[in-house]
Amino acid sequence: ASGCPRLQHLNVAHTDGKVTDVAITKIASQCPQLQHLNVAWTDGKVTDVAVTAIAQGCPLLRFLDVSGTGGKVTDAAITEVASRCPQLQHLDVQDSH
């Protein structure tokens, strides 16, 4: 992530749990220009920890998909995104119970 400070689009959907909070938190701290993030269906390995870090570190975020996160992304993280990412246009939370 430190080599990609201008990263704007990241899709790690359907990665069978190989991508976790550790990686997404690192992206959040190193890629402030991120606008599009898809962490859908990551086998519950991406949680509130990562989504909150994204909200805090990526204020330009426009698209976030946390579908199928097995209840690991909760209202707390979504509220953080809503308050810190004013440019958000698309939020998908289907099947995230």
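**Figure 1. Buried residues of helix α2 in the predicted model.** Helix α2 spans residues 48–57, and its buried members are Ala-50, Val-51, Ala-53, Ile-54, Ala-55 and Gly-57. Buried denotes a relative accessible area under 20%, exposed one over 50%, and partly exposed a value in between, computed with a 1.4 Å probe on protein chains only. Helices (H or I, at least four residues) and strands (E, at least two) are DSSP runs numbered from the N terminus. The buried residues of α2 pack against α1 (21–30), β2 (36–38), β3 (63–65) and α3 (75–84), where contact means heavy atoms within 4.5 Å. The model is predicted: local features need pLDDT of at least 70, side-chain atom pairs count only at pLDDT 80 or more, and totals for chains, interfaces and linings use all residues. Residues are numbered from 1 along each chain as its sequence is written, and side-chain values use heavy atoms, with hydrogens and water left out.

**Figure 2. Packing of helix α1 with helix α2.** The two axes, of α1 and α2, come within 8 Å and cross at roughly 5°. Axes are lines fitted to C-alpha atoms, for helices over the stretch in contact, and angles run from 0 to 180 degrees between N-to-C directions. Helix α1 is therefore roughly parallel to α2; angles under 35 degrees count as roughly parallel, over 145 as roughly antiparallel, 65 to 115 as roughly perpendicular and the rest as oblique. From α1, the contact draws on Asp-21, Ile-24, Thr-25, Ile-27 and Ala-28, and from α2 on Val-49, Ala-50, Ala-53, Ile-54 and Gly-57. By class, the residues of this contact are 7 nonpolar, 2 polar and 1 charged. Ala, Val, Leu, Ile, Met, Phe, Trp, Tyr, Cys and Pro count as nonpolar, Asp, Glu, Lys and Arg as charged, and the others, Gly among them, as polar.

Figure 3. Ala-77 lies in helix α3 and is buried, at 0% relative accessible area. Apart from neighbours within four places in sequence, Ala-77 contacts Asp-48, Val-51 and Thr-52. Its C-alpha atom is separated by 8.5 Å from that of Thr-47, 30 residues away along the chain.

**Figure 4. The salt bridge between Arg-84 and Glu-80.** The count comes to 1 salt bridge, defined as a side-chain nitrogen of Lys or Arg within 4 Å of a carboxyl oxygen of Asp or Glu. Arg-84 pairs with Glu-80, and their closest N and O atoms are 2.4 Å apart. Arg-84 is partly exposed, with 39% relative accessible area.

Figure 5. The structure holds 0 disulfides, a disulfide being a pair of cysteine sulfur atoms within 2.5 Å. For Cys-4, the nearest cysteine sulfur is that of Cys-31, 6.0 Å away. Cys-4 is partly exposed, at 40% relative accessibility. The sulfur of Cys-58 has its closest cysteine sulfur in Cys-31, at 7.0 Å, which is too far for a bond. Cys-58 is buried, with a relative accessible area of 0%.

**Figure 6. Loop residues with positive phi.** Most residues other than glycine have a negative phi. Asp-16, not a glycine, has a positive phi of about 55°. Asp-16 sits in the loop between β1 (9–11) and α1 and is exposed, at 55% relative accessible area. Trp-41, likewise not a glycine, has a positive phi of about 55°. Trp-41 belongs to the loop between β2 and α2 and is partly exposed, at 38% relative accessibility.
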